[in-house]
Amino acid sequence: MKKVIIIGGGLTGLSAAYYLNKQVDQEAVDWQLFESDNHFGGKFNTVHRDGFIIEKGPDSFLARKPAGVELVAELGLTDQLITNATGKSYIYHDAALHPIPEGSVMGIPTDIRALLESDLLTQDGKIRALEELMLDGNVTDADQSIGDFFEYRFGKEMVVRLIEPLLAGIYAGNIYEMSLRATFPQFEKVAKEHRSLMYGLKSHRPETMNTTGTAKTIGAFRTLNGGLSTLTDALVDVLPVERLYANTKVKAIENTTVVLESGERIVADAIIIAATHDVVLQLLDAPAVKPLAEQPMTSLATISLAFEKDAVPEIPEGTGFLVARTSDYNITACTWVHEKWPHMVPDGKILLRGFLGKAGQIGLLDQTDEEMATKVQADLKEMIGLQGEPLFYEVSRMKEAMPQYTVGHQERLAMVEGNLKQSHPTIFLAGMSYRGVGIPDCIQAGKAAVNEASQLLELMK
């Protein structure tokens with residue numbers, strides 16, 4: 001009988017277990033999943049409190065990436081899917097909320113009239129942005145940063161005020177260090193084919209892109225009626241309980257042997273490490289994975305504050321707002337949960353979710369819950385006129401939670417995977433550190449790792 005070990009019980013690991021359990025002959029393959037924490041689900045954490053549904057981890061996923069919707073359907077949860085109620089969002093700049101120009105694709109305008117009518121940019125900033133229609137392409141053989149790519153095309157003002165808050169918000173990173181090819185390769189492709197991004201995106205917007213932060217974003221995102229923990233809970237429920245081990249830490253991997261902290265040693269025919277790259281570096285002391293040491297991680301925190309409805313005199317229709325990470329404010333974004341997901345908030349109440357955490361920030365998680373909540377409230381008091389004290393708040397701390405895809409990421413990843421095939425052919429990597437940080441990306445990564453492991457097991461017959 002062949003032996004497969006999955007390390008990590010977050011979404012990626014549970015997805016890998018689900019697809020492995022479906023594919024293999026149970027009498028020919030024995031598999032086990034080890035999770036060091038006392039529960040499965042990783043960053044997924046839905047709290048039900050006083051009629052509120054509060055997400056302390058991710059709150060939604062993109063419907064256009066099929067892996068998420070497909071897994072939900074396979075688990076029989078399609079009837080619980082909820083579509084976001086509004087798509088419009090704002091940028092907070094110069095003491096005001098500015099709507100993201102209609103038709104923008106990840107902050108890149110496609111509607112010239114909407115750009116010219118926006119009060120987010122100065123006249124000089126708009127003129128410089130429109131020069132993009134006449135620029136030569138800046139597509140190079142080498143990878144480049146997101147910031148350099150867009151600043152060349154649209155100028156510094158538009159990058160700082162519009163593009164950076166949106167793109168940096170997805171990865172909680174510094175766009176002047178983040179790899180364009182590893183994060184948004186579609187923009188390089190459009191620039192190469194059309195020279196002008198604005199023209200190319202407007203003429204035939206690829207299906208892999210969304211208008212983001214505008215009214216057209218309505219319907220782009222999904223959650224589940226009872227919260228996203230429903231997804232990971234459902235995965236646990238359909239898997240054989242005797243194969244899932246919580247509170248079981250893997251100490252090291254020695255060639256094909258998994259060494260548990262208890263001292264138990266398990267020889268495996270295939271090992272799937274469904275965890276971020278920092279875990280890989282701890283488990284596998286091998287030159288093959290050393291390039292991963294160059295990949296930084298960012299810590300994050302979210303503070304969800306519940307209030308009576310009159311705590312904010314007037315909130316415009318929309319999902320919330322983003323803040324440039326170059327600003328002096330503590331928060332980088334705020335979601336108006338009662339507007340985006342009305343089913344999560346009781347009538348007569350509002351729920352505000354503030355985000356903290358910037359690339360390179362030190363000491364964020366050393367603060368107490370009260371200190372973080374106080375800072376978020378102070379920002380929101382100035383930004384949207386928040387009044388009074390919250391009914392309660394929930395703080396979520398995510399230490400080194402977001403891997404940063406810095407320039408050269410794809411080359412380093414290819415090197416690591418090539419090295420592993422040579423020196424550790426039974427080890428497969430899956431998780432947020434490699435090919436996407438979203439929920440569908442993690443599901444797809446788990447599925448892909450299982451397919452690779454299954455091919456290896458076939459060769460062993």
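Threonine 298 touches Ala172, Lys358, Ala359, Glu400, Ala401, Met402 and Gln404, leaving aside residues up to four places away in sequence; contact here means heavy atoms within 4.5 Å. The model is a predicted one, in which local features need pLDDT of at least 70 and side-chain atom pairs count only at pLDDT 80 or more, while totals for chains, interfaces and linings use all residues. Residues are numbered from 1 along each chain as its sequence is written, and side-chain values use heavy atoms, with hydrogens and water left out.

Threonine 298 sits in strand S15 (residues 297-308). Strands (E, at least two residues) and helices (H or I, at least four) are DSSP runs, numbered from the N terminus. The relative accessible area of threonine 298 is 4%, so the residue is buried. Buried means under 20% relative accessible area, exposed over 50%, and partly exposed in between, with a 1.4 Å probe and protein chains only. The side chains of threonine 298 and glutamine 404 are joined by a polar contact of 3.1 Å. Such a contact is a pair of N or O atoms within 3.5 Å; within protein, one must be able to donate a hydrogen and the other to accept it, and residues adjacent in sequence count only if both atoms are side-chain atoms.

Two packed helices are described by the angle between their axes and the distance between the axes. Helix H5 (residues 146-154) packs with helix H6 (residues 156-171) at an angle of about 140°, and their axes are 9 Å apart. Axes are lines fitted to C-alpha atoms, for helices over the stretch in contact; angles run from 0 to 180 degrees between N-to-C directions. H5 and H6 are therefore oblique to each other. Angles under 35 degrees count as roughly parallel, over 145 as roughly antiparallel, 65 to 115 as roughly perpendicular and the rest as oblique. H5 contributes Ile146, Phe150, Glu151 and Phe154 to the contact, and H6 contributes Lys156, Met158, Val159, Ile163 and Leu167.

Positive phi values occur in two loops. Aspartate 94 is not a glycine, yet its phi is positive, at about 55°. Aspartate 94 lies between strand S7 (89-93) and strand S8 (96-99). With a relative accessible area of 66%, aspartate 94 is exposed. Asparagine 247 also has a positive phi, near 55°. The loop between strand S10 (244-245) and strand S11 (250-254) holds asparagine 247. Asparagine 247 is exposed, at 56% relative accessibility.

Isoleucine 127 belongs to helix H4 (residues 123-130). Its relative accessible area is 49%, so isoleucine 127 is partly exposed.
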